Amino acid sequence: VIAQQLQPDIVMFSAAVSACEKGQQWARALGLVRQIRDSQMAPDVAVFSAAISACEKVQQWENALALFVAAAASDAGVNLVAYNAVLSACEKGQQWEAALALLCQLRSEGLVRADVVTLTA
């Protein structure tokens, strides 16, 4: 009865994506992001950042970059966590050109300030 009344919200989805990140379940994290969009909810920066990190952990740099681009184009936007995760994904995928372009973007936008993690990714 309780389960029938419970409707998933962005907080529940965010927790699930975060769990997928920690369990290195990048494909499931991407599926949850799709499910959020399909349910007419908007993924927030925490959801995007966790999904990007899930991809980064298993060297899925293309998916990490695609998520980053989607986040940047959405109302959610990106934060330093998302930048750090996508930069690390590019590093692991030996995509130095993409990483350099992202660093230039970070610098030119000035919305987020690079930290030690950003500069060593």
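Q: Where does Ser49 sit?
A: Ser49 is in helix H4. Helices here are DSSP runs of H or I with at least four residues, strands are runs of E with at least two, and both are numbered from the N terminus.

Q: Is Ser49 buried or exposed?
A: Ser49 is buried, at a relative accessible area of 5%. Buried means under 20% relative accessible area, exposed means over 50%, and partly exposed is in between, using a 1.4 Å probe and protein chains only. Bear in mind that this is a predicted model, where local features need pLDDT of at least 70, side-chain atom pairs count only at pLDDT 80 or more, and totals for chains, interfaces and linings use all residues. Residues are numbered from 1 along each chain as its sequence is written, and side-chain values use heavy atoms, with hydrogens and water left out.

Q: And what is Ser49 in contact with, leaving aside neighbours within four places in sequence?
A: Asn79, Val81 and Ala82 are in contact with Ser49 on that count. Contact means heavy atoms within 4.5 Å.

Q: Ok, on to H4 and H6. At what angle do they pack?
A: H4 (residues 45-57) and H6 (residues 80-92) pack at about 20°, and their axes are 9 Å apart. The axes are lines fitted to C-alpha atoms, for helices over the stretch in contact, and angles run from 0 to 180 degrees between N-to-C directions. H4 and H6 are therefore roughly parallel to each other. For the wording, angles under 35 degrees are roughly parallel, over 145 roughly antiparallel, 65 to 115 roughly perpendicular, and the rest oblique.

Q: Which residues make that contact?
A: From H4 you have Ser49, Ile52, Ser53, Glu56 and Lys57, and from H6 Val81, Ala82, Ala85, Val86, Ser88, Ala89 and Lys92. They divide into 6 nonpolar, 3 polar and 3 charged. In that scheme Ala, Val, Leu, Ile, Met, Phe, Trp, Tyr, Cys and Pro are nonpolar, Asp, Glu, Lys and Arg are charged, and the others, Gly among them, are polar.

Q: What about H5 and H6, how do their axes cross?
A: The axes of H5 and H6 come within 8 Å and cross at roughly 150°. That makes H5 roughly antiparallel to H6. The contact takes in Trp61, Ala64, Leu65 and Phe68 of H5, with Ala82, Tyr83, Val86, Ala89 and Cys90 of H6.

Q: How many nonpolar, polar and charged residues in the contact of H5 with H6?
A: 9 nonpolar, no polar and no charged residues.

Q: How many aromatic pairs does the structure hold?
A: The structure holds 1 aromatic pair. Phe68 and Tyr83 form it, edge-to-face, with 4.8 Å centre to centre and 70° between the planes. Rings of Phe, Tyr and Trp (its six-membered ring) pair if their centres lie within 6.5 Å; planes under 30 degrees apart are stacked, over 60 edge-to-face, and the rest tilted.

Q: Where are the two partners, and how buried are they?
A: Phe68 is in H5 (residues 61-73) and Tyr83 in H6, 15 residues apart. Phe68 is buried at 2% relative accessible area, and Tyr83 is buried too at 1%.

Q: H6 and H7 next: what's the angle?
A: H6 and H7 (residues 96-109) cross at roughly 160°, with axes that come within 8 Å. They are therefore roughly antiparallel to each other. On the H6 side, Tyr83, Val86, Leu87 and Cys90 meet Ala98, Ala99, Leu102, Leu103, Gln105, Leu106 and Glu109 of H7. By class that contact has 9 nonpolar, 1 polar and 1 charged residues.

Q: Switching topic, what does Asn63 touch, not counting residues up to four places away?
A: Asn63 touches Trp26, Leu30 and Cys55 on that count. Asn63 is in H5 and is partly exposed, at 23% relative accessibility. The C-alpha atoms of Asn63 and Ile52 are 7.6 Å apart.

Q: And Ser14, buried or exposed?
A: Ser14 is buried, with a relative accessible area of 18%. Ser14 lies in helix H2 (residues 10-22) and, leaving aside neighbours within four places in sequence, is in contact with Ala46 and Val47.

Q: Last one: how many helices and strands in the protein?
A: 8 helices and 0 strands. Of the 121 residues, 36% count as buried.
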